[in-house]
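Hi,

Here is the structure I promised to pass on. Have a look at it first, and then read my notes below.

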Amino acid sequence: MRALVQRVSAASVRVDGVVVARITPPPAGHGLLVLVGVTHTDDAAKAALLAKKVWTMRILEDEQSAADLDAPILVASQFTLMADTRRGRRPSWSAAAPRPVAEPLVESFADALRQLGASVDTGVFGEHMQIDLVNDGPVTLLIDV
């Protein structure tokens, strides 16, 4: 599994013009936007490991984690994170897991965050999403497990 984690001061997801998910951290606080990609060999154990890593990663103010500050997290699936761009100009998507594999693992990732104590909102799997965010810092990390 792969996650692109962004420290944000606000983030939301729209589908067909309707806001379906939103996080609003407290004033002067932060939350995390996490875009998640899944490959064929991923499983629930990797989803739980990734969730723990995201929840405890010290990338918020004063080198604190989302767990330390009870920061909200917005999770959205993004199969394009698994793109292979090493050759040519057309990315290969062959590493991206198909929906029957990926969708339950993205849900498992979000559930694992909730079990750790996170306040989590999610996008809609497989839909064309428009994500609005204010990346603070900017801070953006790519995490592979």
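First, a definition: accessible areas come from the Shrake-Rupley method with a 1.4 Å probe, and for residues only the protein chains shown count as cover. On that basis the chain exposes about 7,800 Å², with carbon and sulfur atoms supplying 50% of it. Please keep in mind that this is a predicted model: local features need pLDDT of at least 70, side-chain atom pairs count only at pLDDT 80 or more, and totals for chains, interfaces and linings use all residues. Residues are numbered from 1 along each chain as its sequence is written, and side-chain values use heavy atoms, with hydrogens and water left out.

Now the overall picture. The chain has 3 helices and 6 strands (DSSP runs numbered from the N terminus: helices are H or I with at least four residues, strands E with at least two). Starting at the N terminus, the order is β-β-β-α-α-β-α-β-β. The radius of gyration (over C-alpha atoms) is set against a globule rule of 2.2 Å times the number of residues to the power 0.38. It comes to 15 Å, close to the 15 Å that the rule gives for 145 residues, so the chain is as compact as a globular protein of that length. Its C-alpha trace spans about 45 × 35 × 25 Å along the principal axes.

Buried residues make up 41% of the 145; buried means under 20% relative accessible area, exposed over 50%, and partly exposed in between (1.4 Å probe, protein chains only). Taking a contact as heavy atoms within 4.5 Å, residues 24 or more positions apart account for 77% of the contacts with a separation of 6 or more.

Val145, in the segment after β6, touches Met1, Lys46, Leu49 and Leu50, leaving aside residues up to four places away in sequence. Between Val145 and Leu50 there are 6.3 Å in space, C-alpha to C-alpha, although they are 95 residues apart in sequence. Val145 is partly exposed at 27% relative accessibility.

Next, the charges. Side chains of opposite charge can pair when their charged atoms come close. The structure holds 8 salt bridges (a side-chain nitrogen of Lys or Arg within 4 Å of a carboxyl oxygen of Asp or Glu). One of them joins Arg2 and Asp144 at 2.6 Å, N to O. Arg2 lies in strand β1 (residues 2-15) and Asp144 in strand β6, so this pair ties together parts that are 142 residues apart in sequence. Another links Glu103 and Arg99 at 3.0 Å; both sit in helix α3, 4 residues apart, about one turn of the helix. Arg58 also bridges to Glu63 at 3.3 Å, and both of those residues are exposed.

For aromatics, ring centres of Phe, Tyr and Trp (its six-membered ring) must lie within 6.5 Å; planes under 30 degrees apart are stacked, over 60 edge-to-face, and the rest tilted. That gives 1 aromatic pair. Phe79 is partly exposed at 48% relative accessible area, and Trp93 is partly exposed at 38%.
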